[in-house]
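Let's take a walk through this model together, one site at a time. Have the viewer ready, and follow along as each part comes up.

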Amino acid sequence: MIASRLTSLLQGKTIQKAVINNHLVLHGIEVKHFEDEVTGKVYGAVRADGKFLLISLENDCEIVVNPMLAGRFRLMERPKRPSKTDIFHLHSENQILRYTDRKQMSRVYLVQGGDYSRVAEFNGRGPSALDPELKLTEFKRHLRSRRGQIKNILRNQKFVKGIGNAYADEILLYAGILPFRRKSSLSNEEVEQLYNAMRNVLMKFKGVLEKRPLDEIALEKRDFMMVHNRGGGVCPLCGGRISEVKANRFKTNYCQTCQK
Ligand SMILES: [Zn+2]
């Protein structure tokens with residue numbers, strides 16, 4: 001969603017100036033080298049691969065961004081003094097691509113020739129959750145080798161890529177399955193419900209986000225979510241109260257009535 005938006009806004013434009021504001025997020029390359037390397041390059045397509053965003057530049061080179069929890073892209077029409085959350089600015093004619101991360105946890109790489117071996121957690125991931133080739137039988141096959149709680153499996157990128165903590169809560173609400181259930185306890189029917197919920201929820205969110213401007217996506221307005229971050233609120237499916245559990249840094253929300 002954000003990738004196709006960025007492609008239509010950037011493709012064919014030349015990067016006239018590149019400024020890295022926070023060198024700590026840059027991996028495997030010096031700031032100066034990165035800035036020199038991308039300056040003068042023309043933007044190709046931007047694509048999403050799971051949670052990563054890949055900005056292709058001419059000559060087989062790509063800026064690979066792992067936005068972690070809070071990395072966001074925006075476009076500005078004129079330069080602004082970078083704030084503490086700014087990671088990089090890429091200037092092209094009449095516009096600046098601005099990448100911010102209020103948690104400063106992002107990882108940024110410059111990849112040549114499609115070699116992602118130095119990009120942490122890139123290789124070895126599962127198929128994309130929205131890949132048309134990922135049919136129910138494939139989904140079941142990938143699930144077979146997984147152990148533990150179903151929510152942890154869902155958001156493990158080695159199982160399928162593209163599902164984060166919040167989306168996993170939404171999918172499990174629609175599937176009617178409690179997040180802490182162990183995979184081994186799921187019936188065949190429940191696995192099917194889970195697969196269908198995964199597809200339907202992700203398609204629905206994609207549709208919602210596609211209609212939004214870039215700035216609104218960057219604001220992380222998650223008003224389309226029914227259960228995540230709505231602890232203590234009312235479940236839109238049954239009118240019951242939404243429960244909340246916090247483990248590590250992650251919040252889990254669910255409905256005890258809708259989910260078994
Ligand atoms: Zn409910």
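A residue counts as buried under 20% relative accessible area, exposed over 50% and partly exposed in between, with a 1.4 Å probe and protein chains only. The model is a predicted one, where local features need pLDDT of at least 70, side-chain atom pairs count only at pLDDT 80 or more, and totals for chains, interfaces and linings use all residues. Residues are numbered from 1 along each chain as its sequence is written, and side-chain values use heavy atoms, leaving out hydrogens and water.

Cys235 is buried, at 2% relative accessible area, whereas Cys238 is partly exposed at 35%.

Now turn to the strands, which are DSSP runs (E, at least two residues), while helices are runs of H or I with at least four, both numbered from the N terminus. Strand 2 (residues 43-49) pairs with strand 3 (residues 52-57) in the antiparallel sense over five bridges; pairing asks that DSSP find at least two bridges between two strands. Arg47 has Leu54 of strand 3 as its bridge partner. Two residues lie between the strands of this hairpin, where Gly50 takes a positive phi near 60°.

Which residues other than glycine also have a positive phi? One of them is Asp60, with phi near 65°. Asp60 sits in the loop between strand 3 and strand 4 (61-66) and is exposed, at 58% relative accessibility. Another is Asn94, with a positive phi of about 65°. Asn94 belongs to the loop between strand 6 (86-92) and strand 7 (95-101), and Asn94 is exposed as well, with a relative accessible area of 64%.
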